[in-house]
Amino acid sequence: MSNKPYKDIPGTIIFDAEQSRKGYYVNQFCMSLMKAENRERFKSDERAYLDEWPMTEEQKEAILKRDLNRCLELGGNIYFLAKLGGVDGKSFQQLAGSMTGMSEEDYREMMLKGGRSPEGNRYIGERKDG
């Protein structure tokens, strides 16, 4: 892994080539859910369907738990993971809210007001206390 200056942005996982390679099968699995027959197969036995994909056990567990933040850490891309949310009948806004620990309503309200405050959201090298 090379030294990447963006690795220390708090609360942010940059989807770069390294993440893409790490999460290739997570993202391919998610894209497979665009087909109705695959969604039905997944819903009927999630574990069996996941076992058809050469993912790590950690990736499979994150998907089964719907731990989207962990899925991101393991190489998932939020736009692909949204397909998983669709299987569960959740909107992108609901997914984003759950990932921030907010209700859908609180998340929507925050975004309507311009998003999270950047105050205190500095990269480690820029912080005076870091």
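**Entry 1: Q59**

I began with Q59 and found its place in helix α5, which spans residues 57-65; I note here that the model I am reading is a predicted one.

**Entry 2: the core**

I turned next to the largest nonpolar core, which has 21 residues, and wrote down F29, L33, F42, M55, I63, L81 and L84 as those with the most contacts inside it. Two or more residues of this core come from each of α2 (24-32), α4 (46-50), α5, α6 (68-73), α7 (78-87) and α8, and α7 gives the most, with four residues. I followed up M55, which touches Y25, V26, F29, L50, K60 and I63 when residues up to four places away in sequence are not counted.

**Entry 3: α8 and α9**

Last, I looked up how helix α8 (residues 92-100) meets helix α9 (residues 104-112): their axes come within 8 Å and cross at roughly 95 degrees, which means that α8 is roughly perpendicular to α9. On the α8 side the contact is made by Q93, Q94, A96, G97 and T100, and on the α9 side by E104, Y107 and R108. I sorted the residues of this contact by type and recorded two nonpolar, four polar and two charged.

Technical notes:
Residues numbered from 1 in each chain as written. Predicted model: local features only at pLDDT ≥ 70, side-chain atom pairs only at ≥ 80, totals over all residues. Heavy atoms only, no water. Axes fitted to C-alpha atoms, helices over the stretch in contact; angles between N-to-C directions. Parallel < 35°, antiparallel > 145°, perpendicular 65-115°, else oblique. Contact = heavy atoms within 4.5 Å. Nonpolar A, V, L, I, M, F, W, Y, C, P; charged D, E, K, R; others polar. Core = buried A, V, L, I, M, F, W, Y, C linked by side-chain atoms within 4.5 Å. Buried < 20%, exposed > 50% of the residue type's maximum accessible area, 1.4 Å probe, protein only.
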